[in-house]
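Biologist: Please take me through this model, setting each value against the definition behind it.

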Protein chains: 4
Amino acid sequence: MKAKIKQQSILLFEQKGFSETSIQDIVDVLGVTKGTFYYYFPSKEQLLMDIHSNYIDDLLRRQEAIQETEMYNREKLQAIVELLIGDIQDHGPSARVFFREMRHLASENAEKVKKKREQFRLNIEKLISQGIEEGEFRNEMPPDIVAFAILGVTNWSYQWFNPNGEISAERLAAIYSDLILNGIT
Amino acid sequence: MKAKIKQQSILLFEQKGFSETSIQDIVDVLGVTKGTFYYYFPSKEQLLMDIHSNYIDDLLRRQEAIQETEMYNREKLQAIVELLIGDIQDHGPSARVFFREMRHLASENAEKVKKKREQFRLNIEKLISQGIEEGEFRNEMPPDIVAFAILGVTNWSYQWFNPNGEISAERLAAIYSDLILNGIT
Amino acid sequence: MKAKIKQQSILLFEQKGFSETSIQDIVDVLGVTKGTFYYYFPSKEQLLMDIHSNYIDDLLRRQEAIQETEMYNREKLQAIVELLIGDIQDHGPSARVFFREMRHLASENAEKVKKKREQFRLNIEKLISQGIEEGEFRNEMPPDIVAFAILGVTNWSYQWFNPNGEISAERLAAIYSDLILNGIT
Amino acid sequence: MKAKIKQQSILLFEQKGFSETSIQDIVDVLGVTKGTFYYYFPSKEQLLMDIHSNYIDDLLRRQEAIQETEMYNREKLQAIVELLIGDIQDHGPSARVFFREMRHLASENAEKVKKKREQFRLNIEKLISQGIEEGEFRNEMPPDIVAFAILGVTNWSYQWFNPNGEISAERLAAIYSDLILNGIT
DNA sequence: AATGAATGAGTTTTCATTCAT
DNA sequence: GATGAATGAAAACTCATTCAT
């Protein structure tokens, strides 16, 4: 039941937004009562925090798996772009909730999530720095800004990209990797 | 008064979000009463619509001014990137409200704004198509996807870029133009 | 309306207790809606604080008026007993709410009220000390304990005394004054 | 377990009040679940009734033991004052719950407790009447009112008296007995 | 003897909006 | 132009109680 609630909430939060989704909305879909919700979650915010934690922890884990492999930096970068774009297909709703609703976490929770989010970004930054050092990438590009650019390109995709549309996630990832690598090489 | 209300609302919506900002919050800052608000605006949503209209209309006007000049496509693209990044400095709060709170417009209003937003994007797309036709840009890049990439890079900046920080808006615009043009050339 | 709400609340709090009286109960009696309640009071607790403040401030004021007169200490004591017993008739409900529901004030408010309540007690204590010094009362009686005894006797009356019953408030006050003065003289 | 629940409940009811203490609060302290509570008690109110019954039955029993001895009425009165003040030390929490939370008993239970409580008071009244008849006490004092005064003085002590403080329960009982006996003799 | 899942009716509080003045 | 009183619908959350296991 706890899992069902989380899953339905993600869908509703994605469609209507966190503030606009009431506990009533959530439990109505599941055919249970508000009491049930509060049996499993101490508050609406804690549910959101659970969703956020799940999402970012999973993403970080997969990013670190990439970083630990033996590949060229440019290949790792490509893999991360694929990871992010591919996620639209697999965890689109979770991701959109993650990007949009972090503001509704209370300060302490927000802080925790923010740190992990920054960790993800810094990992990309490190990759670029290494690429520059090892001569793979142009050295006049500030690594932090390039990292923000990559996140901008990929994260913005969550707002428009339809993985069941004309062009596939793989193709989009390929185009973006090409664009970025061409841009920084 | 109407202008004052709009201006204060933008700041509050930016800080706390549309749903989390009450009419009471707005009028408190101005030292007036709720009645006053409803004398100037028929509803909270109409206020949001006004903010959105102002923002997107202004942006479109300035984009069209660029498009009408006699420049290379790559120069126009650069000018648009500058326009968007420069706006963080000049209209940051408006912009952030625009990106984040569009969801709170009722269907009819949302539609209008969405059309203009798409118009902005299609104008960029057109620019890229022309650049490809005229041999300025690589022809293996789908123009629509490149347009989304440009918007991603620039719009994402609203989330992290501090125009009073170490690096200036002009410098950031230059870096991003370089990155993009290098990527697609 | 604010006054009406306060007055009705006192009656309901007296009958059913603070926790057992809902805002709905209060506004139902007055034929208005919950919104109206919150137009006048920021919270249920603040209403209780208002009631408490009104009551204790008034009592302290009247006590101090007695203390400032030129009378024997024993006469002043008598006057205070009359004040307290007479209050059952005039402000019985307020008084009962005051005695019973202080616990529901949040710490900060509770502190303020507690201080004033102690002031009232200390004023009685002072009176007794003076009476002992001036030879009016027995000196083997600890003034603080006597003060508690007086408050015990009078405050307990709020729990059983019916001013419209067989014996009048004046008569009860006279009996208690006699009892106490005889006890400490 | 039943005894443990009762005992913990008394402490919690004393600290936070009956309404403010949830079944969850009680079982949390004991490390069991709500089901356990309902295995032993049919309702929250019945638990309160148990607490009340225990307390008042015990008190009545001990009062009657005093009444059956061969002593002067004034000595019996003294013994009852000692009984009540001494109880602050031994059963303070039970007593405070008894005084404060009787209101939460449903009508039928409330009636039963009220009767016993009145019995206790009437026993004191009878003692005073006998004392007057036998010439021990002044005859201008109405026995019922004197009984209320005694209860006022002693019961009020539950609100301020700390048996581990400077003055002992025995000493307080002695002072109060002196005060009362002097007052009515 | 005890648990864990679920309920349903209730609680305080919020807030966009209306409207007579 | 602006106010102040009032509304009504909904929000998040609480909790005594039930019951199958």
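Biologist: Which helices supply the surface near DNA strand F?

Modeller: Helix H3 (34-40) of chain A, and likewise helix H3 (34-40) of chain B, of chain C and of chain D, each contribute at least two residues to that surface, where helices are DSSP runs of H or I with at least four residues and a residue is near a strand if one of its heavy atoms lies within 4 Å of it. H3(C) gives the most, with 5 residues. This is a predicted model, in which local features need pLDDT of at least 70 and side-chain atom pairs count only at pLDDT 80 or more, while totals for chains, interfaces and linings use all residues. Residues are numbered from 1 along each chain as its sequence is written, chains are lettered from A and ligands numbered from 1 in the order in which they are written, and side-chain values use heavy atoms, with hydrogens and water left out.

Biologist: Which residues come nearest to DNA strand F?

Modeller: Of the 30 residues around DNA strand F, these are B:Thr36, B:Tyr40, C:Thr36, C:Tyr39 and C:Tyr40. Sugar and phosphate make up 68% of the atoms of DNA strand F that come within 4 Å of the protein.

Biologist: What makes the pairing of C:Tyr40 with a phosphate oxygen of DNA strand F a polar contact?

Modeller: A polar contact is a pair of N or O atoms within 3.5 Å, and a polar side-chain atom of C:Tyr40 lies 2.4 Å from a phosphate oxygen of DNA strand F, so the pair qualifies. For A:Lys44 the corresponding distance to a phosphate oxygen is 2.7 Å.

Biologist: Why is the pair D:Arg103 and C:Glu101 called a salt bridge?

Modeller: The term requires a side-chain nitrogen of Lys or Arg within 4 Å of a carboxyl oxygen of Asp or Glu, and the closest N and O atoms of D:Arg103 and C:Glu101 are 3.7 Å apart, so the pair meets the rule. Across the interface of chain D and chain C the rule finds 6 salt bridges.

Biologist: How do you know that chain A and chain B are related by a two-fold axis?

Modeller: With copies superposed by least squares on the C-alpha atoms of residues with pLDDT of at least 70 in both, a rotation of 180° with 0.1 Å of shift along its axis brings chain A onto chain B at an RMSD of 0.1 Å, and that is the relation of a two-fold axis. In chain A, the C-alpha nearest the axis belongs to A:Gly183, 1.8 Å from it.

Definitions and conventions
Polar contact = N/O pair within 3.5 Å; in protein donor to acceptor, adjacent residues only side chain to side chain.
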